[in-house]
Amino acid sequence: MGVSGIADLPLHGGHVPPWLYSRMVKLSGLIAELLVDKHGIKDTIRLFSNPLFFQAFNNIIGMDWDSSGSTTITTAALKEALSKKDVGIRVVGGKGVYALNAPAEINELSRTWDVDVDSLKFVSRLSAKIDNTALQDGYRLYHHAMLVGSDGTWTVIQQGLNEKIRYARRYHIWMENDLVNEPHTGIVGVKGNHALNMVSRASGDARNAVLDIVHQDPPNKVVRDWAVIKAMMKGNTTILTYLGREPPKYYNPYLSGSFRPYLASLNEDALRQARNVNDFKDLLLIRGGLGPSTMLALALIAELIYRDPVDWEDPANIDPRRYAFALGGKDGSPYPVNKEVYDTVIDIVQAIVDRARRDSGLTIYLRHLAKVARQLNLPTDLVRPTPP
């Protein structure tokens, strides 16, 4: 399933009404059952690692197509639904404090499944560092969820917010991707002007240079290199000005403040810890030391002094809207959700789940319906931005 287009995710206040959320839970669980029956556990989780599929799933159950809640509510509904079904998939983590519960919830999985708990907790922690430290785009993470299969399959779905511009951004990471070299299957959000992307393929030499830099003994030389850079930048308003980065063709003045590339500093305690790391993953996972500002400083030292280029292009992409026509949207785009229609759909899907395994003719008919749906010329221009 390819990824293309773009979708904005403005921060929305308010709550999903209980009558709608309870229906979202039911429909999410039924669709998940059908997906596992059709595709198996691994390929179902792989589908959710695709931001286009996730956005379509969100639209199907009645969330707004462009809302930041399309992440938090959808994963919460799916988490609740799957906790009640034996389909071999669970969701751990969530929004805010629930994200911090991910390690404990992973431990709970080992009570019923033979999964590598330590490995799952490692990638949970690493993925958060990837999207907060290795990728710096002006969005602070506030949501971290993992879909985990009984076979050990996993995908991470995270979301960050930029309080200044009132937008959110969602990040999808799939287990079979290289976690320090293009880990994302896609990033959903309004595209900005610049970002520090140390997990880009184009930043490969810079990652190696950063490791060489932190391995220096004593670390005083790194501090001196940083002092040289600050002196060279004197009089420039930003680091990117000094680097000669021209605003790209998609330059958006409104978003020019979403990434602040001049907020860099070195944490010398982190440098001392980093002398013993073996690879870039270990560097990101230094506890209590290496944060975004130190990573930014090291990236700039690698580029300006050691001449190893860093990728500064914002990697956001994506958008589907046709699925918003299934049941409508919480805030009325493209039309309000109808309770009676929603309940009828749940009843029909429940009947499909009950019969699909024993009635091969039903599967053939569903394939026919899917073909018809692909041919529908839906007026996606009617799916307009919903009020924040």
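**View 1. Gly 328 sits in the loop between helix H12 (292-304) and helix H13 (339-356).** Helices (H or I, at least four residues) and strands (E, at least two) are DSSP runs, numbered from the N terminus. This is a predicted model, in which local features need pLDDT of at least 70 and side-chain atom pairs count only at pLDDT 80 or more, while totals for chains, interfaces and linings use all residues. Residues are numbered from 1 along each chain as its sequence is written, and side-chain values use heavy atoms, with hydrogens and water left out. Gly 328 is buried, at a relative accessible area of 0%; buried means under 20%, exposed over 50% and partly exposed in between, with a 1.4 Å probe and protein chains only. Leaving aside residues up to four places away in sequence, Gly 328 touches Asn 59, Gly 62, Met 63, Ser 333, Pro 334, Tyr 335 and Val 337 (contact means heavy atoms within 4.5 Å). Its C-alpha atom is separated by 8.0 Å from that of Ile 60, 268 residues apart along the chain.

**View 2. Helix H1 (residues 18-48) meets helix H2 (residues 51-60).** Their axes come within 13 Å and cross at roughly 175°, which makes H1 roughly antiparallel to H2. Here, axes are lines fitted to C-alpha atoms, for helices over the stretch in contact, and angles run from 0 to 180 degrees between N-to-C directions; over 145 degrees counts as roughly antiparallel, under 35 as roughly parallel, 65 to 115 as roughly perpendicular and the rest as oblique. From H1 come Leu 27, Ser 28, Ile 31, Leu 35, Leu 47 and Phe 48, and from H2 come Phe 53, Phe 54, Phe 57 and Ile 60.

**View 3. Five strands form an open sheet in the order E1-E3-E4-E5-E6, with antiparallel pairing.** Two strands pair if DSSP finds at least two bridges between them. E1 and strand E6 (184-188) stand at the edges with a single partner strand each, so one side of each has no neighbour in the sheet. The twist averages 10° from one strand to the next. H2 packs on this sheet, touching strand E4 (154-162), strand E5 (167-174) and E6, and its direction makes about 125° with that of E5.

**View 4. Here is a closer look at strand E1 (residues 89-95).** Buried residues make up 5 of the 7 in E1, so the strand is largely enclosed by the rest of the structure. E1 runs antiparallel to strand E3 (residues 140-149), joined by 7 bridges. Val 92 has Met 146 as its bridge partner in E3, and Gly 94 has His 144. Helix H3 (residues 69-83) lies across E1, E3, E4 and E5, running at about 140° to E1.
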